[in-house]
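I opened my notebook next to the model and wrote down what I looked up, one topic at a time. Please follow along with the structure in view.

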Protein chains: 2
Amino acid sequence: MYRSHNCGELNASNINTEVTLAGWVQKSRDKGFIVWVDLRDRYGITQLVFDEERTSKTMLEQAQNLGREFVIQVTGNVIERASKNPNIPTGDIEILVSKLNILNEAKLPPFTIEDKTDGGEDLRMKYRYLDIRRNPVKNSLIFRAKVTQEVRNYLSKEGFIEVETPYLIKSTPEGARDFVVPSRMNEGQFYALPQSPQTFKQLLMVGGMDKYFQIVKCFRDEDLRADRQPEFTQIDCEMAFIEQEDILNAFEGLTRHLLKEVNGIEVEKFPRMLYDDAMRLYGNDKPDIRFGMEFGELNDVAQHKDFNVFNNAELVVGIAVPGGNSYTRKDIDKLIDWVKRPQIGALGMVYSRCNDDGSYKSSVDKFYDQDDLAKWAEVTGAKAGDLVCVLSGETNKVRAQLSALRMELAERLGLRDPKVFAPLWVIDFPLLELDEETGHYHAMHHPFTSPKPGQIELLDTNPGEVKANAYDLVLNGNEIGGGSIRIHDKATQAIMLKHLGFSEEEANAQFGFLMDAFEYGAPPHGGLAFGLDRLVAILGGQETIRDFIAFPKNNSGRDVMIDAPAPIDDEQLAELSLKLNLKS
Amino acid sequence: MYRSHNCGELNASNINTEVTLAGWVQKSRDKGFIVWVDLRDRYGITQLVFDEERTSKTMLEQAQNLGREFVIQVTGNVIERASKNPNIPTGDIEILVSKLNILNEAKLPPFTIEDKTDGGEDLRMKYRYLDIRRNPVKNSLIFRAKVTQEVRNYLSKEGFIEVETPYLIKSTPEGARDFVVPSRMNEGQFYALPQSPQTFKQLLMVGGMDKYFQIVKCFRDEDLRADRQPEFTQIDCEMAFIEQEDILNAFEGLTRHLLKEVNGIEVEKFPRMLYDDAMRLYGNDKPDIRFGMEFGELNDVAQHKDFNVFNNAELVVGIAVPGGNSYTRKDIDKLIDWVKRPQIGALGMVYSRCNDDGSYKSSVDKFYDQDDLAKWAEVTGAKAGDLVCVLSGETNKVRAQLSALRMELAERLGLRDPKVFAPLWVIDFPLLELDEETGHYHAMHHPFTSPKPGQIELLDTNPGEVKANAYDLVLNGNEIGGGSIRIHDKATQAIMLKHLGFSEEEANAQFGFLMDAFEYGAPPHGGLAFGLDRLVAILGGQETIRDFIAFPKNNSGRDVMIDAPAPIDDEQLAELSLKLNLKS
């Protein structure tokens with residue numbers, strides 16, 4: 001062992017004991033006759049001291065030449081510090097070094113190893129091993145480990161069995177794209193990496209495993225939006241002989257446990273909201289309910305005048321911005337520009353100021369009188385001093401636009417406090433979703449989700465109206481988990497696949513093993529999967545997931561540290577019976 | 001919830017309560033006027049009863065028509081059984097059913113769902129979801145989950161942090177073959193699936209993470225021997241600021257914890273054996289020390305006569321078979337045939353019977369007298385009633401042959417008791433291994449293993465003699481873990497790679513990121529990885545790993561249940577900029 005103690009544990013009670021520490025040189029201060037060195041390891045920082053009186057000349061010189069991030073081992077006596085540092089646990093003491101051993105030298109790091117570093121994202125990723133030395137990253141990884149350990153402890157105590165499902169599975173043309181893996185031993189054939197262990201966990205239920213979970217990597221070869229990774233981790237769960245209510249209770253229990261153990265926060269029973277209500281009130285299936293600003297639908301009180309922008313709109317809808325009447329004309333113009341940006345896509349914004357004296361002043365005073373505007377205020381819940389912002393247009397689009405505006409304004413108003421946690425179940429999702437490009441319906445959750453009892457007939461007549469036993473767990477405006485009650489009989493599964501456009505042949509080729517399994521005594525079952533990366537980031541009070549992943553990839557799916565992916569040589573390709581077929 | 005209780009928990013204390021159970025029909029006995037049904041779930045079996053007197057006629061008929069593996073839900077009263085079954089926890093009671101609900105019918109399963117099934121391996125794999133319903137498989141998976149949970153609890157308590165390393169990494173031509181993954185977003189480029197997270201865990205040490213572990217899937221695209229899987233699970237561990245002694249103690253602690261918590265067995269400090277001694281005494285670097293039968297090297301006492309088979313041999317070596325003098329001539333001839341099989345490859349076997357009267361009778365009495373044979377007995381530790389078996393030839397070959405014979409005889413003698421656990425550290429492995437095909441040395445462990453201090457100079461003169469700070473943990477004749485102290489400076493790593501035949505260019509292309517990392521303050525570090533699949537099987541008292549893997553692949557690397565790998569369509573290939581280039 002290179003040390004008797006770590007750099008985070010020594011304090012006044014250790015004074016006058018000889019200790020050996022090892023770690024990295026965080027920084028040093030050299031006054032000529034005395035040198036202080038901050039020695040850092042995973043656990044903290046301990047101050048070392050070398051001086052003319054008490055240290056040999058050679059060692060003092062050595063200490064003077066220590067560079068940042070040198071790895072050293074020191075032995076010395078714990079002594080009381082002259083000027084104490086109350087900000088760190090070891091701040092009362094320092095080590096008077098009697099032995100100094102340089103374990104490894106270090107080149108000057110390309111960015112500072114400090115909580116606030118001068119390194120940009122790209123540099124930090126290239127030298128991720130140095131970035132991990134920084135507290136924010138190191139602590140995020142330790143935090144992640146704590147969360148997963150709590151998940152495992154809780155679920156194990158509740159009787160869930162962690163089962164590893166395979167990573168080399170079969171490609172399905174369904175949904176987002178598979179990564180494929182050529183097999184050398186099976187010429188011309190490919191495995192696929194799982195986008196989720198969905199079918200395997202269902203087979204475990206058919207196998208009687210009853211309560212399953214797994215913390216598991218999943219893979220998706222798709223164009224990466226910011227903050228998405230080609231490989232990501234799920235807490236994957238499934239239960240048999242349960243109804244939706246049981247699933248919601250089980251995983252509400254898990255989430256409540258995490259909030260308590262990890263964040264020290266006790267949360268009451270999670271509210272539940274119908275998908276339709278979430279869309280109507282927040283324009284969004286993952287509403288952030290840490291704050292209000294609910295939508296007010298204004299068709300009834302805004303389509304009776306000569307303002308054709310509203311009259312021709314499918315939906316006129318507004319929100320009240322608390323204190324928004326203090327915005328200057330310029331502020332509001334900027335807000336209008338903001339909603340007109342292509343990312344949001346609104347054509348314009350109507351507003352109405354709620355003055356302190358109870359009067360209103362709107363951008364459409366030409367069309368609407370005080371009584372009209374009073375009704376707008378009433379419907380949106382605006383009070384004196386607020387600003388009512390109104391958008392109009394095609395329902396789905398305008399809801400998305402107003403939802404974006406709501407989130408932006410809440411951010412500006414400081415209403416999205418990362419220390420506040422507001423979980424929410426959104427339930428009764430539609431079974432199918434219209435793909436506007438192709439005009440076809442596809443499964444909103446996945447093809448194994450069961451329709452609400454009695455609604456399967458609607459599939460033929462009004463597929464968009466069919467609701468599913470599907471639910472999402474939302475935390476602070478982020479979907480952290482989602483799941484459904486599954487189909488567990490072959491006939492229903494066959495109807496579902498037919499409606500999703502699978503021929504019988506295709507259905508059998510892809511999912512034959514699952515349909516077979518349903519014939520050998522499949523129990524009713526359902527489950528849920530949490531996105532671990534995001535869950536951990538949110539519990540950690542962050543919005544971006546990258547610092548909670550040890551070695552993340554960039555937006556092109558590249559690991560810039562190891563420089564992957566990379567070409568492979570022709571011999572390796574030939575062994576796999578493959579040839580490149582480059583487009584360019 | 002479909003049930004108030006599970007099928008394993010009701011007993012006499014529940015008599016006269018109404019309960020609801022759900023599960024599978026294990027079997028039923030129909031006496032016409034009375035039907036008993038064994039209802040099974042993950043937790044056990046509960047007997048249901050339907051009869052003419054107390055059950056409605058319709059329900060009795062329904063019960064009579066229940067097939068094996070039907071999924072049912074029943075409500076009824078817990079009553080005392082007339083004829084109790086002391087072999088199961090629920091054997092004192094049965095359920096007088098008042099409500100029967102068939103949740104799902106089942107086709108007759110292709111094999112019996114019993115502890116001893118009539119299904120062959122292939123059928124069981126194709127219908128693995130049915131196989132998992134059988135106790136031996138189900139219990140193995142639950143056992144595995146318990147082991148991993150204990151591993152995590154122990155290591156977390158010891159301050160290890162579980163960190164997830166990436167699955168999409170970079171291909172290295174080194175060692176066994178990588179599975180590669182074409183990247184759609186990076187045309188003509190490939191990720192590789194990790195054979196182990198080796199370099200990443202070393203980078204975590206450079207990053208100051210100090211004590212790391214991960215239970216992680218690894219991948220190897222090689223011809224599968226029986227009982228190997230293309231994807232397998234490791235408990236991967238690494239520590240910084242430690243010496244070999246610290247690693248051995250840390251993971252001996254983990255293994256002792258598992259033996260205690262999982263098997264209820266307390267084991268004293270694990271013995272340690274030099275690699276050279278293991279080879280000399282057992283012909284094997286993973287000796288099973290549950291029993292003796294150590295090798296006795298006989299060159300000194302067998303090369304002084306006219307028997308040229310021995311005189312020309314590099315090594316003459318024997319073992320004493322306890323009680324082996326009872327073997328008939330025919331038994332011994334069979335044994336000689338056994339060692340001459342091509343899998344073993346011996347040219348013959350010399351034996352010497354140790355008679356009860358202290359005399360000897362050997363197959364080479366023509367050459368050796370009683371004094372000679374007495375010395376053979378002394379060197380091999382044979383006692384009266386034993387049989388001395390002697391092989392001779394080239395050292396490495398004859399050791400392997402005698403080791404195989406030793407294991408086979410121990411198996412026949414019942415000396416390999418799966419309930420007995422004999423762990424052993426084998427230390428001081430050679431750094432390099434001669435590849436007899438190519439005549440080149442390659443890394444015995446991996447290229448990051450550090451040579452023993454002061455031995456690096458030997459690399460030039462006598463590379464085969466260089467010992468490494470490398471160690472294996474052996475349990476009952478199986479290597480369950482292995483590791484090493486790593487190189488942590490760029491210069492040594494460069495020398496190592498050069499000796500392994502890497503040009504400077506290749507070394508940089510493959511391991512540049514690691515060599516760079518070593519320049520920014522790398523601490524001394526080392527680690528170990530356990531093969532989880534085998535560890536779990538051995539702790540579970542089994543030699544084969546397949547039942548401890550939920551969805552294993554067969555010897556051709558195929559998942560016969562989902563039928564993977566499989567061809568993918570041309571469109572998918574084109575998207576990946578690939579073309580098939582079939583050899584046949």
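**Helix on a sheet.** I began with helix 10 (residues 329-340) of chain A, which lies across strand 14 (350-354) and strand 16 (387-393) of chain A. Helix 10 of chain A runs at about 150° to strand 14 of chain A. For such angles I use axes that are lines fitted to C-alpha atoms, for helices over the stretch in contact, with angles from 0 to 180 degrees between N-to-C directions. Contact here means heavy atoms within 4.5 Å. Helices (H or I, at least four residues) and strands (E, at least two) are DSSP runs, numbered from the N terminus.

**Ground rules.** This is a predicted model, where local features need pLDDT of at least 70, side-chain atom pairs count only at pLDDT 80 or more, and totals for chains, interfaces and linings use all residues. Residues are numbered from 1 along each chain as its sequence is written, chains are lettered from A and ligands numbered from 1 in the order in which they are written, and side-chain values use heavy atoms, leaving out hydrogens and water.

**The sheet.** Next I traced five strands of chain A that form an open sheet in the order 12-13-16-14-15, with antiparallel pairing. Strand 12 (296-297) and strand 15 (360-362) of chain A are at the edges with a single partner strand each, so one side of each has no neighbour in the sheet. Two strands pair if DSSP finds at least two bridges between them. Strand 12 of chain A is joined by two bridges to strand 13 (residues 315-321) of chain A, and they run antiparallel. There, A:Gly296 has A:Gly318 of strand 13 as its bridge partner.

**The barrel.** In chain B I found five strands that close into a barrel, in the order 1-2-3-5-4 and with mixed pairing. From one strand to the next, the twist averages 55°. Which way do strand 3 (residues 44-51) and strand 5 (residues 93-104) of chain B run, parallel or antiparallel? They run parallel, joined by two bridges. B:Leu48 stands opposite B:Ile95 in strand 5 of chain B.

**Chain A overall.** I noted 17 helices and 23 strands in chain A. Its C-alpha atoms fill a box of roughly 90 × 75 × 55 Å along the principal axes. Of the 584 residues in chain A, 59% are buried. Buried means under 20% relative accessible area, exposed over 50%, and partly exposed in between (1.4 Å probe, protein chains only).

**Cysteines.** A:Cys237 is buried, at a relative accessible area of 0%. For B:Cys354 the closest cysteine sulfur, in B:Cys389, is 9.9 Å away, again too far for a bond. B:Cys354 is buried as well, at 2%.

**The two copies.** A rotation of 180° with 0.0 Å of shift along its axis puts chain B on chain A, with an RMSD of 0.1 Å. The two copies are therefore related as by a two-fold rotation axis. I superposed by least squares on the C-alpha atoms of residues with pLDDT of at least 70 in both. The same surface serves both copies, as 100% of the contact residues of chain B recur in chain A.

**The interface.** I count 125 residues of chain B in contact with 125 residues of chain A. Between them the chains bury about 11,400 Å², 58% of it on carbon and sulfur atoms. Buried area is the accessible area (1.4 Å probe) that two parts lose on being put together, summed over both. B:Glu164, B:Phe241 and B:Tyr520 supply 8% of what chain B buries against chain A, more than any other three residues.

Note on methods: Disulfide = S-S within 2.5 Å.
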